[in-house]
Amino acid sequence: MRMKTGVILLCGAVALLAQQPRQTLGQALGKKQPILIQNATIHTVAKGTFVGSLSIVDGKIAEVGEKVLAPAGAKIINGSGKHVIPGMIDCHTHIAVDAINEGSVSVSSMTGVGDVVNAEQKSIYYALAGGVTTANVLHGSANSIGGLNVVLKMRWGKDATGLVMAEAPPGIKFALGENPKRQGMAQQGSNAVRRYPGTRMGVEDVIRQAFVDARAYRQQWKSYEERKARGENVLPPRRDLKLEPLVEVLEGKRLVHAHSYRADEILMLIRLAEEFGFRIATLQHVLEGYKVAKEIAAHGAGASTFSDWWSYKMEAYDAIPYNAAVLHEKGVLVSINSDDASGAEIMRRMNTEAAKAVKYGGVSDNDALAMVTLNPAKQLGIDKYVGSIEAGKHADLVIYDRDPLSIYSRVEKVFIDGEEYFDRESDATGRSRFEAEKKGLLEKEKIDEKQRAPARRPS
Amino acid sequence: MRVSILILAAAAALWAGENNSFLIRNATVHPVSGPSMKNASVLVIDGKVAEVGEKVQTRAKVKAIDGRGLHVYPGMIDAATLVGISEISSVRETADVGEIGEFNPQLRASIAVNPESEHIPVTRANGVTTVGVLAAGVSGGFGFGEISYIGGQISLMHLNGWTWEEMTITHGAAMQLRLPGIETRRRNPVTGQINPTPFSEARKRQEANLRKVATFFEEARRYQTARQANPGELKPDLRFDAMLPVLEGKQALLIPAASEREIRDAIAFAEQEKVKIILAGVRRPGAALEDLAKKKVPVILGSPFTPAQEEDDAFDATFRTAADLHRAGVKFAFASFGAQFARNLPYQAGHSVAFGLPYEAALRAVTLNAAEIYGVADRMGSIEPGKQADLIVTDGDPLEIRTQVKMMFVKGEAVDLETKHTRLYKKYKARP
């Protein structure tokens, strides 16, 4: 049994190696070879769609247009018949982490998923193969105020630090409604510890109390700094790791990503945020957002929703697939997310999730594509770097064999920072190599088992 | 008197049923059973397809529908679903799937289908006219019925009708059987807690449970024999009576089997018990693909839109299963196995095309194949004269997401395509 686990782990490691892109000479020398993608349909998302070319130099998009000169020594990729879009950005995931919920307390802002990044989780490769290049990894929704987020690039093969998108501003997860209150409800057959809050009223109270505390804490530090500046001999206040991130929220330095479903709780959080003088960066899921689109737009929060999920819980019974279209039409910045965890199922096909915004509510093709590229980039405060195909931005790109909003489209290549991280053909060849390697290891295991005395289980 | 009867007869020929007779003209017709036809017509008389083709003679006075720029397809069939029987999957009170007890062959899903379920219009709106409603969950969802071996009968239902009776096509399209597996991670069905169990113990439990199943079949068979010998004297047993069609080979057993081992076990069981089977939720058939093809066992595929089964699965493993089955020559149909994503049935097929399934086979796997698997292809599944007029009219390829379903007919009757979702959309879009 123990041996078998070892073999599986080893297989995983082999898979990792097999799927790692080979290093070119330029890369070995620390320089990336320039690339020219020629004659493809380029969906810039920000500045139209046209048949043209784009060049990549030093991991950045150097030039985009109908006619682009090849940089010296560039690798030429023939894009005729192909479609190029910006690498997709998923604004709500739980991938590549070893833990999601610190469910013991309802305010867990002292924790962060960035501390438990698992760079070997296959979800990263699945997402990459589906054309997702950047993911907002969030704490779960068990707590009114959850933990800190981390924004990752799908640089498969890099270690945990190598995945982190350093340019992304920090964020924090909040959660409203059934999930945080579930922890406080007595459930038949459940031996979970009951805790406050158990109602939407309690959720509001927990969040308000946390910000009252954060405000007082900030005041403590402020008076300390003032007195110190006056030359007084004062002791600094005791540091509170739970309240520090909330102070950053109050100061507009940390983005709030708030899990929400019903219109009432959405409105509640908007008013609470306004009371404390901060703006919610994104309302996540926000399934009844279409009912309070006006209020969301006025507050200035982004909305990151599902394409067509509904009826899986009571608070999702009024969810409609037109949510993205209504919010978009009423002036809210909208993205579509997967909420994927280690399975990374939907991240394999975010392009067709966007197509549902066209179907339900008639959003234009380009605006729909923006919901999985530029809009989530803006919501995460990283649109200076990613989200569209424009000169100067990171060369995070996906090449499709046809219109990416078609159900028949398939990802051919994915680039991150100008490096090819996924290629359909190499994936296919790597697969047979991996299968052969796995078979060999299993054979070896059989022989080893015969030769060895039965392993003793630790008691 | 005689004269008036003649007049009446003539009128009947001339005036076919107003609500279920019509002619769609100048459309592209995709019968599924044969090649597509451009500029073609479909004539429907009294709820049945009367004629299909480029030249159709209107024998009766029926209303004409201009099909220019539109496409006509047979209504799609979701071969296994919880639409109508489970409303909000996490709220127990709204779900009637999965009865308590190990052997419940007498239960029929049909009678627990709520004709007012919001899932019905929502699923219809994307082109699904017919569903196989599960009596017990197969995978995903709440997992009700996980402890039962015979969970009840899956019912084939039209997604239109005032009552479940009007919706029902066949009460017992198949009998659901779950073969006991080796469960090293048993889930307590009440608390939802997972109890890790050592392999040897799990295997012993499986063997004991398999004996239970075999005993039940044995008892049912003895009941059958006794009944044949003394039809009048035997005290009726509802459970064993319900097993008779299975034992007589008239009703197939629908058995969930995801992996190679489960598929082989199910086929072995069918051969041992001499019963017909349909496998459900096939995901990782491996080398058992050949067995499926050779023994002509039909399959209701697990959704491609589910996470990979094993950690070392390729990223597109679930997308390619349909193409693998097709290549091996296995007959299969797509299915949602749930309610909330039943409307995405056409996209399961479309996405499989991107990963190697031929288009024609994909279209068949959401229409005619399910009808054949359930033995109702004489009535539905394609657009052919004599079949029920279950039709959809679209503005393009229904397997593409951006396509809109413009009209739907169930047994020739026009069906409203409004849903809870379109109603809320219109209401809040208009909010000042």
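A residue counts as buried when its relative accessible area is under 20%. B:Phe334 has a relative accessible area of 0%, so B:Phe334 is buried. B:Phe332 is buried too, at 3%. The model is predicted.

**Aromatic pairs**

A pair of aromatic rings is described by the distance of the centres and the angle of the planes. Across all chains, a search of the whole structure finds 25 aromatic pairs. Two of them, both in chain B, are set out here.

| Pair | Centre distance | Plane angle | Class |
|---|---|---|---|
| B:Phe216 and B:Phe240 | 5.4 Å | 45 degrees | tilted |
| B:Phe332 and B:Phe334 | 5.6 Å | 85 degrees | edge-to-face |

Why is the pair of B:Phe332 and B:Phe334 edge-to-face? Their planes stand at 85 degrees, and angles over 60 degrees count as edge-to-face. The planes of B:Phe216 and B:Phe240 stand at 45 degrees, so that pair is tilted.

**Cluster and charges over rings**

One aromatic cluster draws on both chains: A:Tyr261, A:Phe306, A:Trp309, A:Tyr312 and B:Phe341. Charged side chains also meet rings. A:Arg349 lies over the face of B:Phe305, 4.0 Å from the ring centre. Within chain A, the charged end of A:Lys359 sits over the ring of A:Tyr360, at 5.8 Å from its centre.

**The sheet in chain A**

Strands of a sheet pair through backbone hydrogen bonds, either parallel or antiparallel. In chain A, six strands form an open sheet with mixed pairing. Their order is E8-E10-E11-E12-E13-E14. Which strands stand at the edges? They are E8 (145-148) and E14 (334-336) of chain A. Each has a single partner strand, so one side of each is left without a neighbour in the sheet. On average, neighbouring strands of this sheet are turned by 25 degrees against each other, direction ignored.

Strand E12 (residues 282-285) and strand E13 (residues 302-305) of chain A pair in the parallel sense, over three bridges. A:Thr282 stands opposite A:Gly302 in E13(A).

**A helix pair in chain A**

Helix H6 (residues 200-229) and helix H8 (residues 263-276) of chain A pack with their axes 11 Å apart. The angle is about 15 degrees, which makes H6(A) roughly parallel to H8(A). H6(A) passes H8(A) in a right-handed crossing.

Technical notes. Residues numbered from 1 in each chain as written. Chains lettered and ligands numbered in written order. Predicted model: local features only at pLDDT ≥ 70, side-chain atom pairs only at ≥ 80, totals over all residues. Heavy atoms only, no water. Phe/Tyr/Trp six-rings, centres within 6.5 Å; stacked < 30°, edge-to-face > 60°. Buried < 20%, exposed > 50% of the residue type's maximum accessible area, 1.4 Å probe, protein only. Lys NZ or Arg CZ within 6 Å of the ring centre and 35° of its normal. Pairing = 2+ DSSP bridges. Helix = DSSP H or I, 4+ residues; strand = E, 2+ residues; numbered from the N terminus. Axes fitted to C-alpha atoms, helices over the stretch in contact; angles between N-to-C directions. Parallel < 35°, antiparallel > 145°, perpendicular 65-115°, else oblique. Left-handed = near helix turned anticlockwise from the far one by under 90°.
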